[in-house]
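Hi there,

Here is the structure I promised to pass on to you. Have a look at it first, and then read my notes with the picture open beside them.

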Amino acid sequence: MTRRPQESRAVQDNAADVDTAVDTADGTPTAAPGSTQDERTVTLLRLGVGLIGILLPLVLPVGNWLFAELRGQSTAGWWPDSMSGSYYTSTRNLFVGGLCALGVFLICYRFDRRDDRWSSAAGLFALGVALCPTSPDDPSAFQATIGVLHLVFAALLLSLLALFCLYSFRNPRSVQPRWVDRAYLAAGVVILALLVLAALAGLTGVGKGWPVRPLYLCEWFCTWAFGAAWIGAALELAHTSGQFTRRAALPRQSAAPAS
């Protein structure tokens, strides 16, 4: 009985402990228990995570302005102080829905054991950010406690997304170009740096009179950094696995039988 990899070489390089497919007596490959997702599913989940990161910071203020215009209300204050502050604006459902979708995508993401743990934890943290709103201007004791949980979940979520950029997407065993490796490294460093700056901006209240608060800017570029990294990882996997040049049925099995 022979064993051969279920995924392409690009996926195998990133997943040292990936499960393999086993040939049956008639030569039909069958997926081993607990096998990883096929390349196209992984690509789509990465793309979904990235698009949420790119679109959410823009959709929230624009949505507030649009809802105010449609209702004939004043558009003053249409740009929230922070992305989390959108919970108390007209785009609350967009903010919560986007984070819930992000959480589901991350929980469903499967690649290798380490990434599975990281993505599942990040997905739970994203749901925690969505379901535990930030504190309002004059919070009660209960609201203040929930607000602390919100900040903890947000910090853990962004930290894990930075780890994907620093360790998962950067793969020294693959044929990844050096500039791609450096781009992932830069994205991870930017996420962590902006996370610190966002904490400082929130604590000091700097830029309260600015049209766009420094806190929102830090969150904006932080989410753009992880969004760009996840979209890049999706396109890289699609390219290396040949998804741009061929069509494959799902789930995709291995190619030629081992000799």
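Below is what I found, starting with the overall picture and ending with two single residues.

First, please keep in mind that this is a predicted model. The average pLDDT over the protein chain is 81, and 79% of the residues score at least 70. The pLDDT is below 50 over residues 1-35, a stretch that has 70 contacts in the model beyond near neighbours in sequence. Residues 247-259 also stay under 50, and there the model has 21 contacts beyond four places in sequence. Please read both of those stretches with care.

Now for the overall layout. You will find seven helices and three strands in the protein chain, and their order along the sequence is β-α-β-β-α-α-α-α-α-α. The chain has 259 residues, of which 47% count as buried. If we take the contacts with a separation of 6 or more, 67% of them join residues 24 or more positions apart.

Helix H4 covers residues 113-131, so to speak a run of 19 residues, and reaches 27 Å from its first C-alpha to its last, close to the 27 Å expected at 1.5 Å a residue. Its buried residues include Trp118, Ala122, Phe125, Ala126 and Val129. What do the buried residues of H4 pack against? They pack against H3 and H5. As you look at those positions, remember that an α-helix has 3.6 residues a turn, so residues three or four places apart point the same way.

Helix H6 has 27 residues and reaches 39 Å between its first and last C-alpha, close to the 39 Å expected at 1.5 Å a residue. Among its buried residues are Val180, Tyr184, Ala187, Ile191 and Leu195. The buried residues of H6 pack against H5 and H7. After H6 comes Gly205, with a positive phi near 70 degrees.

Next, the largest pocket, which holds about 1,200 Å³ of space. It is lined by 49 residues, and the closest to its centre are Ser82, Ser84, Thr134, Leu215 and Glu219. Helices H2, H3, H5, H6 and H7 are the elements that give two or more residues to this lining. Which of them gives the most to the lining? It is H5, with eight residues. By type, the lining residues divide into 31 nonpolar, 13 polar and five charged.

Arg46 is in helix H2. Is Arg46 buried or exposed? Its relative accessible area is 6%, which is under the 20% cut-off, so Arg46 is buried. Leaving aside neighbours within four places in sequence, its contacts include Tyr109, Phe111, Phe169 and Trp230. Leu237 is another of those contacts; it lies 191 residues from Arg46 along the chain, yet their C-alpha atoms are separated by 9.5 Å.

Ala199 is in helix H6. At 41% relative accessibility, Ala199 falls between the 20% and 50% cut-offs and therefore counts as partly exposed. Its C-alpha atom is separated by 9.2 Å from that of Ala155, 44 residues apart along the chain.

Enjoy exploring!

Best wishes

Technical notes: Residues are numbered from 1 along each chain as its sequence is written. This is a predicted model: local features need pLDDT of at least 70, side-chain atom pairs count only at pLDDT 80 or more; totals for chains, interfaces and linings use all residues. Side-chain values use heavy atoms; hydrogens and water are left out. On a 1 Å grid over the protein atoms alone, a cavity is a set of points where a 1.4 Å probe fits but cannot get out, and a pocket is an open set with protein on both sides within 12 Å along at least five of seven lines; lining residues have an atom within 4 Å of a point. Grid points are joined across faces, edges and corners, and a volume is the space filled by probe spheres set on the points. Helices (H or I, at least four residues) and strands (E, at least two) are DSSP runs, numbered from the N terminus. Ala, Val, Leu, Ile, Met, Phe, Trp, Tyr, Cys and Pro count as nonpolar, Asp, Glu, Lys and Arg as charged, and the others, Gly among them, as polar. pLDDT is the predictor's confidence in each residue, from 0 to 100. Contact means heavy atoms within 4.5 Å. The expected span of a helix is 1.5 Å times one less than its number of residues. Buried means under 20% relative accessible area, exposed over 50%, partly exposed in between (1.4 Å probe, protein chains only).
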